[in-house]
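Q: Hi! I have a protein structure open and would like to go through it with you. Could we take it piece by piece?

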Amino acid sequence: MPTSVASSDRSDFGSFCHTKSKMPCVNEDSSENDGEPFVEVDPTGRYGRYGDLLGAGAVKKVYRAFDQEEGIEVAWNQVKLRNFSDDRSVIDRLYLEVRLLRKLKHPNIIHLYNVWTDEEHNTLNFITEVCTSGDLREYRKKHRHVSVKALKKWSRQILKGLEYLHNHEPCIIHRDLNCSNVFINGNVGQVKIGDLGLAAAVGRSHAAHSILGTPEFMAPELYEEDYTELVDIYSFGMCVLEMVTLQIPYSECDSVAKIYRKVTSGIRPAALSKVKDLEVKEFIERCLAQPRKRPSAAELLRDPFFDGLDDA
């Protein structure tokens, strides 16, 4: 069963809420400093938030920020907790995301640097690494001419991130993998999985329960509320399909109910018929197979589909 986030889990964020004085910065006290001003600074004085958004969702806003100690840009994730005072499950899910991120360290998983609660403004804030080119969905739309080799490299990195999550103790199931929460540093082609707000940590011998995720990317067994980490492989297959076709799976459906009926009936999305490369199509089909026949991330990484790629 997935672990729940109790109030005690939230209290352990105190280790991130430093009270030491602000670190000195070059030109910190200079009135002639024409640099872009910070809108907000974290309790340590290390991270400064700018006003411009990198992204916004139903739960949190992500701002451009700067790590003054390392001299690098970062992402400042901010949630106004008062917006969810009537729905504790949302707040618990947010704390779960942060709690999970704290434990994870992998080149294909978004890294968490710091987290704290601002009681005065009633916000949850956490600093993560930023991917310079945004999410994979928008990046792929921007760059329409991409080789199969490049798509394979992105796909392999996503699988490496999934393999790490699935082999974690306890096993972590993302449950909402799609191209909008996979991020990319386009200058080096590095791909990272983010947005673990719907992830579940489960024991290796237990199936997870509860229906969560993005309908177009959800495996059939997710709707049945009895599933394992292999639901992420199904979602990964849909990600590959979107990367290849530039079309969100089941976009021919105009309602969640219609998507549900097709998914649970085993009807593939119309976009699959647009995949002309047979090797790519067969690879996607393997990811979308029934749970008992669906390969693990580790097995897919050994698939001949990735033969000939360098180690980058």
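What follows is a chat about a few strands, ring pairs and charged pairs.

A: Happy to! Keep in mind that this is a predicted model.

Q: Okay, strand β8 to start. Which of its residues are buried on each side?

A: On one side Val 182 and Ile 184 are buried, and on the other Phe 183 and Asn 185 are buried. Both faces of this strand, residues 182–185, are covered.

Q: How many bridges join β8 to β9, and which way do the two strands run?

A: Four bridges join them, and the strands run antiparallel. Strand β9 covers residues 190–193. For one example, Val 182 has Ile 193 in β9 as its bridge partner.

Q: And what do β8 and β9 form?

A: They form a hairpin, with four residues between the strands. In the turn, Gly 189 has a positive phi of about 70 degrees.

Q: New topic: rings! How many aromatic pairs are there in the whole structure?

A: A search finds eight. One of them is Tyr 139 with Trp 154, an edge-to-face pair with 5.9 Å from centre to centre and 65 degrees between the planes.

Q: Where do Tyr 139 and Trp 154 lie?

A: Tyr 139 is in helix α3 (residues 136–142) and Trp 154 is in helix α4 (residues 148–167), so their pair ties together parts that are 15 residues apart in sequence.

Q: Are those two buried or exposed?

A: Tyr 139 and Trp 154 are both buried.

Q: What about Phe 283 and Phe 305, why does that pair count as stacked?

A: Their ring planes are at 10 degrees and the centres are 4.0 Å apart, so the pair is stacked. Phe 283 belongs to helix α8 (residues 278–287), while Phe 305 is in the segment after α9, 22 residues apart, which links distant parts of the chain.

Q: Buried or exposed, those two?

A: Phe 283 counts as buried because its relative accessibility is 0%. Phe 305 is buried too, with a relative accessible area of 3%.

Q: Which residues do ring pairs link into a cluster?

A: Phe 236, Phe 283, Phe 305 and Phe 306. Phe 305 also has a charge over its ring: the charged end of Lys 152 sits there, 4.7 Å from the centre.

Q: Which ring does the charged end of Arg 49 sit over?

A: The ring of Tyr 63, at 4.1 Å from its centre.

Q: Switching to salt bridges, how many are there?

A: The count comes to 16. One of them joins Arg 64 and Asp 52, whose closest N and O atoms are 2.8 Å apart. Arg 64 is in strand β3 (residues 61–67) and Asp 52 in strand β2 (residues 47–56), so the pair links distant parts of the chain, twelve residues apart.

Q: Is Arg 64 buried or exposed?

A: Arg 64 is buried, with a relative accessible area of 16%. Asp 52 counts as partly exposed, at 31% relative accessibility.

Notes: Residues are numbered from 1 along each chain as its sequence is written. This is a predicted model: local features need pLDDT of at least 70, side-chain atom pairs count only at pLDDT 80 or more; totals for chains, interfaces and linings use all residues. Side-chain values use heavy atoms; hydrogens and water are left out. Buried means under 20% relative accessible area, exposed over 50%, partly exposed in between (1.4 Å probe, protein chains only). Two strands pair if DSSP finds at least two bridges between them. Rings of Phe, Tyr and Trp (its six-membered ring) pair if their centres lie within 6.5 Å; planes under 30 degrees apart count as stacked, over 60 as edge-to-face and the rest as tilted. A charge sits over a ring if NZ of Lys or CZ of Arg is within 6 Å of the ring centre and within 35 degrees of the ring normal. A salt bridge is a side-chain nitrogen of Lys or Arg within 4 Å of a carboxyl oxygen of Asp or Glu.
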